[in-house]
Amino acid sequence: MLKLLSLIRKNGICCIPKGAVVHGGIDVSVPLYVYGTIYGEVEAGALVYLGNTGSIIGNVHAARLVVYGQIQGEIIVSGEAKMMDSANITGNISASPLVIDKDARIDGQVNAIHQQQSAVDNDTTPAQPPRWI
């Protein structure tokens, strides 16, 4: 556990592991990897990566988003959002660009926002979690 915490601090990320439950909102400026459950709003100035065991019950505002798990709430992404094959979304989605896998389930409206390229588009944060997670 100590090794994982030191790696998280060194790499400047936030991780909610499988089995962990967070009650209340989260506001982070570093990449957020979620494998547990969050009850509350998520505000992220970087990537939010929701693993297949992860769920968020609340609105999500992020710079980038990759979803394999479940979200119940409105999703607003200033950059790219990817709804992968196991994604299960209940709520509206706004993002640019927006990628939706053919097996993703979405119950809500989808709005692919067209905007000028911004600094967020130059974010080099990987879409896959680090190998040690």
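Me: Why is Asp103 called partly exposed, and not buried or exposed?

Reply: In this predicted model, Asp103 has a relative accessible area of 46%. Buried means under 20% and exposed means over 50%. The value of 46% for Asp103 lies in between, so Asp103 is called partly exposed.

Me: What makes Lys102 count as exposed?

Reply: The relative accessible area of Lys102 is 75%. The cut-off for exposed is over 50%, so Lys102 is called exposed.

Me: How do you know that the side chains of Lys102 and Asp103 meet in a salt bridge?

Reply: The N to O distance between the side chains of Lys102 and Asp103 is 3.7 Å. A salt bridge needs a side-chain nitrogen of Lys or Arg within 4 Å of a carboxyl oxygen of Asp or Glu. The pair Lys102 and Asp103 is at 3.7 Å, so the contact is called a salt bridge.

Me: How many salt bridges does the structure hold?

Reply: The structure holds one salt bridge.

Me: Why are strand 12 and strand 15 said to pair?

Reply: Strand 12 covers residues 88-90, and three bridges join strand 12 to strand 15. Pairing takes at least two bridges. Three bridges meet that cut-off, so strand 12 and strand 15 pair. The two strands run parallel. At one of these positions, Ile89 has Ile106 in strand 15 as its bridge partner.

Me: What makes strand 2 and strand 15 the edge strands?

Reply: Six strands form an open sheet with parallel pairing, in the order 2-5-7-9-12-15. Strand 2 (21-23) and strand 15 (105-107) each pair on one side only, and they are the edge strands. From one strand to the next, the twist averages 5°.

Me: Why is strand 6 described as mostly covered?

Reply: Strand 6 spans residues 42-50, and seven of its nine residues are buried. Buried means under 20% relative accessible area, so strand 6 is called mostly covered on the count of seven in nine.

Me: How do you know that strand 6 pairs with strand 3, strand 4 and strand 8?

Reply: Three bridges join strand 3 (residues 26-28) to strand 6, and three join strand 4 (residues 32-34) to strand 6. Strand 8 (residues 60-67) is joined to strand 6 by seven bridges. The cut-off is at least two bridges, so each of these strands pairs with strand 6. Among the residues that stand opposite each other are Val28 and Ala44, Leu32 and Val48, and Val42 and Val60.

How values were computed. Residues are numbered from 1 along each chain as its sequence is written. This is a predicted model: local features need pLDDT of at least 70, side-chain atom pairs count only at pLDDT 80 or more; totals for chains, interfaces and linings use all residues. Side-chain values use heavy atoms; hydrogens and water are left out. Helices (H or I, at least four residues) and strands (E, at least two) are DSSP runs, numbered from the N terminus. Axes are lines fitted to C-alpha atoms, for helices over the stretch in contact, and angles run from 0 to 180 degrees between N-to-C directions. Buried means under 20% relative accessible area, exposed over 50%, partly exposed in between (1.4 Å probe, protein chains only).
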